[in-house]
Amino acid sequence: MNRLVSIITPCYNGENFISRFLNSILNQTYNNIELIIINDGSTDNTRIILESYKEIFINRNVEYIIINQENKGQSEAINQGLKIFSGDYLTWPDSDDILLPNNISSKVAFLENNPEYGLVMGKVGIVNENDLDRRIKILKRKEPIWNDTLFEDLIQDKNVYYTPGGYMVRSSCFLDVNPLRSILPLREIGQNYHMLLPITYKYKCGYLNECIYLYVKRKNSHSHAKRTYEESINVISFEKYALEKIIESLNIQNEKYYLKIIIKKYHHRLLKLAFKNNKQDEFKKQFNILKRMGALTLTDIYLKYRENTLLKLLRHAKKRFRYGRHT
């Protein structure tokens, strides 16, 4: 088992965690690795730290490639790696996470033993940056018994995760569906959708029953930043746009079916966001849109019941206060 594995990893201002990531690569039980790090315009000491590891990786016979670019976002950074990677297998972990020692070897072993599969995914542990030894939760996909609907489930955020270091793709299959070696230049959202959706549409995915990767929750990370209601709407809208563009780029026969799924998902998310932020008019608007689409779920109806109950309680409280019965 001596196949070359390419690892493509963007990094932006990672001086506080990039050494941890690089050490997790060095600790792999599998050594035939090509590591491509894209320094995405970091303004801290990331570049210095990356350079300091060159000799270490050379001594381990690991191909270590550093690409420095101005800040363009993760998709453009991944594209830099996609242009030059040469491995038989490909994975693209985040620079603030940790590959457990068995990550590469377990995924390669599965793909070597199961040539009919185009990709594989394992379990992912979630940890806090201040306590890396305690796993808060395990992310995994419940393996389907019959027909695997991973492609559609990724679109719907159903029984899936997007943490990229849990996946590995067979390069020949990836290049079959992505011969141009590039993904859409979506700056903040969408890179994992575009890496996964084309290959899961055409090829089977395998599943490992072991934890191979740690997703590190960082207080200051982009994905955990607190957002206003308006900012959250913008994120949801951009995700819808990204998914639509990716589906349209695939040129598949049932494109309209999947675009409808994306629209329904968009309105469901806006409904839940309106409920969470007590935006009653917007909640009613989204509920009615979903009703007209015939897309209401039991969860939506339950939220509507809670919304109506809350309104009744508020009206009752206002009446009591108005007529002096608040004491």
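Visitor: Where in the chain is Ile136 placed?

Guide: Ile136 belongs to the loop between strand E6 (117-128) and strand E7 (137-139); helices (H or I, at least four residues) and strands (E, at least two) are DSSP runs, numbered from the N terminus. This is a predicted model, in which local features need pLDDT of at least 70 and side-chain atom pairs count only at pLDDT 80 or more, while totals for chains, interfaces and linings use all residues. Residues are numbered from 1 along each chain as its sequence is written, and side-chain values use heavy atoms, with hydrogens and water left out.

Visitor: Why is Ile136 called partly exposed?

Guide: Buried means under 20% relative accessible area, exposed over 50%, and partly exposed in between (1.4 Å probe, protein chains only). Ile136 has 40% relative accessibility, and therefore counts as partly exposed.

Visitor: Which residues does Ile136 touch, not counting those up to four places away in sequence?

Guide: Ile136 touches Ile126, Val127, Asn128 and Lys217, where contact means heavy atoms within 4.5 Å.

Visitor: What makes the pair Lys265 and Asp157 a salt bridge?

Guide: The term requires a side-chain nitrogen of Lys or Arg within 4 Å of a carboxyl oxygen of Asp or Glu. For Lys265 and Asp157 the closest N and O atoms are 3.0 Å apart, and the pair forms a salt bridge. The two residues are 108 residues apart, Lys265 in helix H10 (residues 255-276) and Asp157 in the loop between helix H6 (150-156) and strand E8 (167-170).

Visitor: Why is Lys265 called buried, and why is Asp157 called partly exposed?

Guide: Lys265 has 11% relative accessibility and therefore counts as buried. Asp157 has a relative accessible area of 35%, so the term for Asp157 is partly exposed.

Visitor: How do you know that Arg269 and Glu239 meet in a salt bridge?

Guide: Their side chains meet at 2.8 Å, N to O, in a salt bridge. Arg269 lies in helix H10 and Glu239 in helix H9 (residues 229-250), so the pair ties together parts 30 residues apart in sequence. Arg269, at 28% relative accessibility, is partly exposed, whereas Glu239, at 10%, is buried. Asp157, Glu239, Lys265 and Arg269 are linked in a network of salt bridges.

Visitor: What joins the side chains of Asn102 and Glu210?

Guide: A polar contact of 2.6 Å joins them. The term denotes a pair of N or O atoms within 3.5 Å; within protein, one must be able to donate a hydrogen and the other to accept it, and residues adjacent in sequence count only if both atoms are side-chain atoms.
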